[in-house]
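Have the sequence and the model open as you read.

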Amino acid sequence: MATVSTKEIKNRIRSMESTKQITRAMEMVATSKLRHAQTQVSEARPYFEILLDTIEDIVSSGRGASSPYLTQRPVKRTAFVVIAGDRGLAGGYNANLLKTAWEAMADKDAVVMPIGKKAVDFFKTRQIPMLTDLRAEAADVSVGDCFSMAKQLCKAYSKGEFDEIRIVYTKFVSVLSQTPQMLPILPLAPGETEKVAGEMLYEPDCETVLEAIIPEYLGGVLYGALCESRASEQAARRTAMNAATQNAEEMIADLSLKFNQARQAAITQEITEIVAGSQ
């Protein structure tokens with residue numbers, strides 16, 4: 001019985017060592033991808049900030065008041081752009097994000113543009129209308145795809161297919177902290193501080209400039225949110241795999257202790273039987 005017991009424990013130790021190797025490898029891969037994602041966030045930020053400053057200047061000065069992107073109309077339908085992950089093993093990353101999106105859609109006539117396989121599967125299961133499900137793999141979405149989606153959203157918004165646009169994504173705070181966020185995009189709201197008209201001239205006029213840069217602005221926001229989400233996903237996966245590796249090490253240590261105890265008990269029993277037989 002003692003021999004069988006030690007054999008079972010040994011097999012479990014081997015199994016946990018294999019699991020530990022897998023989780024450690026996934027942690028290293030997530031760490032490498034996280035560095036790349038953080039670099040993308042820092043590189044995309046200047047372009048987005050310049051666009052944002054230009055829009056805030058026009059909106060706050062009131063010179064583009066006739067633009068449809070500034071018109072506040074009764075909200076009958078809301079479009080949600082939800083950015084989730086493609087795979088699991090990332091702790092509560094996908095669950096927390098999709099919960100935030102689902103709660104925001106409560107009691108609303110909503111249409112969704114999902115990005116990421118988890119988001120596509122989630123909304124298909126709940127039969128939520130989707131603008132498109134072509135971006136089923138978040139890892140494959142490029143900058144050009146973000147601007148294509150932005151143009152599609154702006155065109156539908158101008159036609160009145162929905163009355164507001166919101167982006168649900170995960171904000172990268174730190175390696176240990178990622179927070180689901182919902183960001184209203186359209187219609188644009190004037191800032192708290194009003195600017196004096198005439199500080200900057202726009203050719204041919206502010207309305208035309210807004211029509212040209214709003215899709216660019218929305219594309220920049222989508223790309224920025226996508227980069228934040230990618231960094232958050234890799235950080236969450238790195239944390240989850242690190243915790244899994246530590247748990248595996250603890251289980252291996254515990255099983256090793258039990259194995260040594262079982263082996264010692266078997267040796268003691270054999271010695272006792274030899275002594276008893278010699279007597």
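## A salt-bridge network

Let's start with Glu249, which makes a salt bridge to Arg24 with the closest N and O atoms 2.8 Å apart. (A salt bridge here is a side-chain nitrogen of Lys or Arg within 4 Å of a carboxyl oxygen of Asp or Glu.) This pair links distant parts of the chain, with Glu249 in helix α5 and Arg24 in helix α1, 225 residues apart. Helices (H or I, at least four residues) and strands (E, at least two) are DSSP runs, numbered from the N terminus. Before going on, note that this is a predicted model, where local features need pLDDT of at least 70 and side-chain atom pairs count only at pLDDT 80 or more, while totals for chains, interfaces and linings use all residues. Residues are numbered from 1 along each chain as its sequence is written, and side-chain values use heavy atoms, with hydrogens and water left out.

Glu249 also bridges to Lys20, with 3.5 Å between the closest N and O atoms. Again the partners sit in distant parts of the chain: Glu249 is in helix α5 and Lys20 in helix α1, 229 residues apart. Put together, Lys20, Arg24 and Glu249 are linked in a network of salt bridges. How accessible is Glu249? It's partly exposed, at 33% relative accessibility. (Buried means under 20% relative accessible area, exposed over 50%, and partly exposed in between, using a 1.4 Å probe and protein chains only.) Lys20 is partly exposed at 23%, and so is Arg24 at 38%.

## Another bridge, between loops

The structure holds eight salt bridges. One of them joins Arg77 to Asp109, the closest N and O atoms being 3.5 Å apart. Arg77 is in the loop between α1 and β1 (78–83) and Asp109 in the loop between α2 and β2 (110–115), so you're looking at a link across 32 residues. Arg77 is partly exposed at 27%, and Asp109 is partly exposed at 42%.

## Rings and a charge

How many aromatic pairs turn up in a search of the whole structure? There are two. Rings of Phe, Tyr and Trp (its six-membered ring) pair if their centres lie within 6.5 Å; planes under 30 degrees apart count as stacked, over 60 as edge-to-face and the rest as tilted. Trp102 and Phe122 are edge-to-face, 5.9 Å centre to centre with 85° between the planes. Trp102 lies in helix α2 (residues 93–104) and Phe122 in helix α3 (residues 117–125), so this pair ties together parts that are 20 residues apart in sequence. The rings of Phe122 and Phe123 have centres 5.1 Å apart and planes at 90°, so they're edge-to-face too.

Trp102 is partly exposed at 39%, Phe122 is buried at 14%, and Phe123 is buried at 0%. Arg126 lies over the face of Phe122, 3.7 Å from the ring centre, and over the face of Trp102 at 5.6 Å. (A charge sits over a ring if NZ of Lys or CZ of Arg is within 6 Å of the ring centre and within 35 degrees of the ring normal.)

## Who lines the second largest pocket

The second largest pocket has 21 lining residues, with Lys33, Ala139, Glu233, Gln234 and Arg237 nearest its centre. On a 1 Å grid over the protein atoms alone, a pocket is an open set of points where a 1.4 Å probe fits, with protein on both sides within 12 Å along at least five of seven lines; lining residues have an atom within 4 Å of a point. Helix α1 gives the largest share of the lining, seven residues.
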